[in-house]
Amino acid sequence: MIDKQLPAPPETPLLPPPEDEYPRSRPARRRRWFWILLLALVVGATYFLWPKHKNQPSGANPSDTAAAGGRKGRGAGAGPVPVVAVRATKGNIGVYFTGLGNVTPIYTVTVKSRVDGQLMQVLYKEGDTVREGAPLAELDPRPYQVALTQAEGAQLKDQALLDNARIDLKRYETLLTQNAVPEQQLATQKAQVIQDEGQVKTDQGMIDAAKLNIVYCHITAPITGRIGLRLVDPGNIVHASDSNGMLVITQIQPISVIFTIAEDQLPPVFQKTRAGQRLEVDAYDRAMTTKLATGQLATIDNQIDQSTGTVKIRANFPNENSALFPNQFVNARLLVQEKTGVTLLPAAAIQLNSNMTYVYLVKPDSTVTVRQIYIGTNEGDETEVTSGLNPGDVVVETGVDKLQEGTKVTAHINGESPTTGAVGVGTGKKGRRPKGVPTQGPANGTSAPGPPAGSGPPQSPAGGSSK
């Protein structure tokens, strides 16, 4: 048996892989690295953020948590908190009623011509201040001088007739005694004398009228005041019936301000004026920052405006420096009462919340306590404290946002050396608010933050409750 060997299979040459297989493996590697990096970022973010989220109470406000942490850090021994403090002082404060008003001249005159004629000369300059009786303008007087001459001539004629009538009357009276003339003729002569006397008086009236017209041709200032713009130029014919007039004179010194107050404020003002008191009035500019003049209350209107519930008041001002100008808008402040010997405190040191008005009182051991106070009159930057403080008490003015009950402070009082130990309670100069420090509390009309939570009711420096 012959073994037949099968032919070996042809050798297949080994060929390199196709070129398109390499690009397919590179994107797969890139995708793997991308997912690995993304997973690492997620793990890192979870590691750093999870402890903060875990420590924060559920539903807590992040700002509240930060504030609580800050208070805890200060109370744990961060050292005394530097603050600016002031001392309550003893002084006087006024009670004012403030109203809006306008500067109103006491007298305003539109100068007109009383006769017709040509304006010959102007003797003033626009804006001048003239005295009463000063010459202002000249009209052509010649027509009235001619009328005066005619009236004087007529008077001479009628006066001659009157003299002759009087002589005839004397003759008739003598003849009547001799029965030479009838009585009727004597009576007629008496009537003739009276008639001639009346004619002479009429002539005298015409003379006086002509002289008065000549006087009216010389126009003078009826009051002392400031002249406005010229309304008629020389050469024009003016008439007594002209409605615009020739010029306007306004009294500047003195001058008045008419302002309004509420009807509820009228009784104390009316009571003091009836008692003969002269109430003082201050005029301030539109921004209520600059005091323009000081005057006195002159009169009160006779009725209340029902539409606004206000009453008008007039105050007179000397206005020697001409600070007040007619029709100027001003704020008028009427001084109704002057309180003396009261406790005063800067308004910036007073804090408000929904429950009470309080201050941070610096105790002798350099710690602060919340002290409830009661306030009265406000005047500028000062406020009257009716209860809760005594003159000389030290109160925090700037830096109250860092304080709570019992906080250790280093109080700096303007005009005094900084205190590092206990703050002595006594009479001292009142500190003023430093420049650039915003007003806090009721000084700017906003409520200051209340006392810190958990501080309890306001306590006095001795530990007792303050009324």
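Four strands make up an open sheet, ordered β3-β10-β8-β5, with antiparallel pairing. Strands here are DSSP runs of E with at least two residues, helices are runs of H or I with at least four, and both are numbered from the N terminus. Two strands count as paired if DSSP finds at least two bridges between them. In general, strands of a sheet pair through backbone hydrogen bonds, either parallel or antiparallel. At the edges of this sheet sit β3 and β5, each pairing on one side only. β5 meets β8 in the antiparallel sense over two bridges, and V130 stands opposite G225 in β8.

This is a predicted model: local features need pLDDT of at least 70, side-chain atom pairs count only at pLDDT 80 or more, and totals for chains, interfaces and linings use all residues. Residues are numbered from 1 along each chain as its sequence is written, and side-chain values use heavy atoms, leaving out hydrogens and water.

Here are some elements to find in the structure:

| Element | Residues |
|---|---|
| strand β3 | residues 108–111 |
| strand β5 | residues 129–130 |
| strand β8 | residues 225–227 |
| strand β15 | residues 329–346 |

Next, look at helix α4. Its 34 residues should span 50 Å at 1.5 Å a residue, and its end C-alpha atoms are 50 Å apart, which agrees; the expected span is 1.5 Å times one less than the number of residues. Buried residues in α4 include L186, V200 and I214 (buried: under 20% relative accessible area, exposed: over 50%, partly exposed: in between; 1.4 Å probe, protein chains only). Their cover includes α3 and β7.

Finally, T343 lies in β15 and is buried, at a relative accessible area of 12%. Among the residues T343 touches are A88, T383 and P391, where contact means heavy atoms within 4.5 Å.

Key
Lists of a residue's contacts leave out its neighbours within four places in sequence.
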